[in-house]
Amino acid sequence: MATLYTMKNIFDDIEKLKPLVKELIIAHNQDCVYIILNYTVAITKKPEVIESIILEAGGDKDMMLLTEKWEMEGLKKGLKKGYIKSILNLIKLKFQPNPEELQRIENKLLSFEDEEKFEEVLKIVATADSFEEIKNKIL
């Protein structure tokens, strides 16, 4: 119910969330707190306001867990971008493919989430003798 309330009132005064967040922290309902706060930050793009609401509501411990979660998500996204950039740069350097072919490879890479898969693709690209070989193994 709290999540629906947040979604409904997200564009109103964000201060209205304080009592709700405090109640959830007191009730130790962390899953609900995370859903509400992740959604609120995604929509408002104001993590500092959310942080102050949590701290005022007495959720120092919850704030630490939430910021760690956001940090890990950010690191994961950054790592994914780094792998994709490295793989595409290596393909360009070795084979100079046309932009359309390179875009197909990039689209496939964007679907990967697993670090091991990126490592595997990096090895395929590094050891490939032709761009056709890369396409056959990746696409």
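Student: Which residues touch the most other members of the largest nonpolar core?

Tutor: In this predicted model, I91, I105, L109 and I134 do so among the 18 residues of that core, where a nonpolar core is a set of buried Ala, Val, Leu, Ile, Met, Phe, Trp, Tyr and Cys residues joined through side-chain atoms within 4.5 Å. Helix 5, helix 6, helix 7 (115-127) and helix 8 (131-138) each supply at least two residues, and helix 5 gives the largest share, six residues; helices are DSSP runs of H or I, at least four residues, numbered from the N terminus.

Student: What is I105 in contact with, leaving aside its neighbours within four places in sequence?

Tutor: Contact means heavy atoms within 4.5 Å, and on that basis I105 meets L88, I91, F131, I134, K135, I138 and L139.

Student: Why does K80 count as buried?

Tutor: Buried means under 20% relative accessible area (exposed is over 50%, partly exposed in between; 1.4 Å probe, protein chains only), and K80 has 18% relative accessibility, so K80 counts as buried.

Student: Which element has the lowest mean pLDDT?

Tutor: Helix 1 (residues 2-9) has the lowest, at 50, and helix 6 (residues 99-110) the highest, at 95, where pLDDT is the predictor's confidence in each residue, from 0 to 100. Where pLDDT is low, the predicted coordinates should not be read in detail. Local features need pLDDT of at least 70, and side-chain atom pairs count only at 80 or more, whereas totals for chains, interfaces and linings use all residues. Residues are numbered from 1 along each chain as its sequence is written, and side-chain values use heavy atoms, with hydrogens and water left out.
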